[in-house]
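Here is a friendly walk through the inside of this protein.

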Amino acid sequence: MASPATGEVVIIGSGLIGQSWAMLFASGGFKVKLYDIEPQQVTNALEKIRKEMKFLEQSGSLKGSLSAEEQGSLISGCLTIQAAAEGAMHIQECVPENLELKKKIFAQLDQIIDDKVVLSSSTSCLLPSSLFAGLVHTKQCIVAHPVNPPYHVPLVELVPHPETAPATVDRTYALMRKIGQSPVRVMKEIDGFALNRLQYAVISEAWRLVEEGIVSPSDLDLVMSDGLGMRYAFIGPLETMHLNAEGMLSYCDKYSEGMQRVLKTFGPIPDFSGATVEKVNQAMCVKVPDDPEHLAARRQWRDECLLRLAKLKRQMQSQ
Ligand code: NAI
């Protein structure tokens, strides 16, 4: 297989996630070809990417060692999937979350690729065993699930099909590292992968606490943003346990009984409807009205926060 430091990367689907991947690969010095079923979408994406790269350069947040202009010139559009796939070493699929659509694209790619390229899907929740079922090149297939916005949140979950070759996982892992992302290996496929399983566990208990009138929706969010979240940006829940006592063994010795007592009181899976959704929605709309302008402004603020947090994390790592 080709070295992950060279070769062309192809992005299939140039929407939100496709654009972010294109920027990340260009920041690592890779040539990127963008393909979309809507040619106008590629033109718009190229324009947005160049504008965003300039902005990031001006604010000192552009990734990689090349200038915005140099990175921009590495990305080009492509009119057919065949032309895009030719000579590629990594193909990152980023079309909408629809199993039939994704399967159709992988079946199409399966017929035109050689045995060297890695076929990777950005899917948030489709399992590799259904996505890549029946393909000739299954060994070269993998899910590389990014977190939105991928340019500012580096985690990528790598999830193999049961027949994915270990070399495909290793190569994708190395490629993700090369573009500054933070890959994790999910050893076996599981619904929700790792990130969404954790996220849904948190959402579920958040919902129950609000539903039972224990805390208000806005206070619930503060428990995370001004409490747990402050350290979770730097250390995970397991290291938090390790540091919150004299090591992990001491933590389990001291706190396992209490944890189990509390965990036994957790309620059933919420249905996320009815009076509670009204209550939560009302509180969220007071904070951020749900019209496109307010939502976009708040997302922009969130991305600015993430950008600064990413800078802080880099500084803290280099100490
Ligand atoms: P999007 O809707 O912004 O972009 C999808 C793009 O695919 C559009 O430009 C569309 O024209 C194009 N497309 C549709 N059919 C196509 C075809 N047959 N061939 C080529 N291009 C085609 O979607 P988004 O948000 O970028 O999501 C893409 C994937 O990334 C989905 O699987 C999603 O689950 C996953 N993902 C999304 C995240 C998010 O927060 N938006 C986070 C992590 C993963």
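## The cavity

About 60 Å³ of space lies in the largest cavity of this predicted model. A search of the whole structure finds one cavity of 30 Å³ or more.

Which residues line the largest cavity? The lining is made up of Ser-61, Lys-63, Tyr-151, His-152, Leu-307, Ala-310, Lys-311 and Arg-314. Sorted by class, three of these lining residues are nonpolar, two are polar and three are charged.

Now to the nonpolar residues. In soluble globular proteins, nonpolar side chains tend to be buried together. The largest nonpolar core here has 34 residues, and those touching the most other members are Ile-11, Trp-21, Phe-25, Leu-34, Met-53, Ile-75 and Met-176. Two or more residues of this core come from each of strand E1 (8-12), helix H1 (16-27), strand E2 (31-35), helix H2 (39-58), strand E6 (141-146), E7 and H7.

Leaving aside neighbours within four places in sequence, Ile-11 is in contact with Gly-18, Trp-21, Ala-22, Phe-25, Val-32, Lys-33, Leu-34, Tyr-35, Gln-92 and Cys-94.

Gln-92 sits in strand E4 (residues 88-93). Is Gln-92 buried or exposed? With a relative accessible area of 0%, Gln-92 falls under the 20% cut-off and is therefore buried.

A polar atom of the Gln-92 side chain lies 3.5 Å from the backbone oxygen of Ala-144. Ala-144 is also among the contacts of Gln-92 beyond four places in sequence, along with Val-10, Ile-11, Ile-12, Trp-21, Ser-120, Ser-121, Ser-122 and Met-176.

## His-161 in its loop

Let us move on to a loop residue. His-161 is found between strand E7 (155-160) and helix H7 (166-178). His-161 has a relative accessible area of 9%, so this residue too counts as buried, the limit being 20%.

For a sense of scale, pick out Asp-221: His-161 and Asp-221 are 60 residues apart in sequence and, C-alpha to C-alpha, 36 Å apart in space.

Technical notes. Residues are numbered from 1 along each chain as its sequence is written. This is a predicted model: local features need pLDDT of at least 70, side-chain atom pairs count only at pLDDT 80 or more; totals for chains, interfaces and linings use all residues. Side-chain values use heavy atoms; hydrogens and water are left out. Helices (H or I, at least four residues) and strands (E, at least two) are DSSP runs, numbered from the N terminus. Buried means under 20% relative accessible area, exposed over 50%, partly exposed in between (1.4 Å probe, protein chains only). A nonpolar core is a set of buried Ala, Val, Leu, Ile, Met, Phe, Trp, Tyr and Cys residues joined through side-chain atoms within 4.5 Å. Contact means heavy atoms within 4.5 Å. On a 1 Å grid over the protein atoms alone, a cavity is a set of points where a 1.4 Å probe fits but cannot get out, and a pocket is an open set with protein on both sides within 12 Å along at least five of seven lines; lining residues have an atom within 4 Å of a point. Grid points are joined across faces, edges and corners, and a volume is the space filled by probe spheres set on the points. Ala, Val, Leu, Ile, Met, Phe, Trp, Tyr, Cys and Pro count as nonpolar, Asp, Glu, Lys and Arg as charged, and the others, Gly among them, as polar. A polar contact is a pair of N or O atoms within 3.5 Å; within protein, one must be able to donate a hydrogen and the other to accept it, and residues adjacent in sequence count only if both atoms are side-chain atoms.
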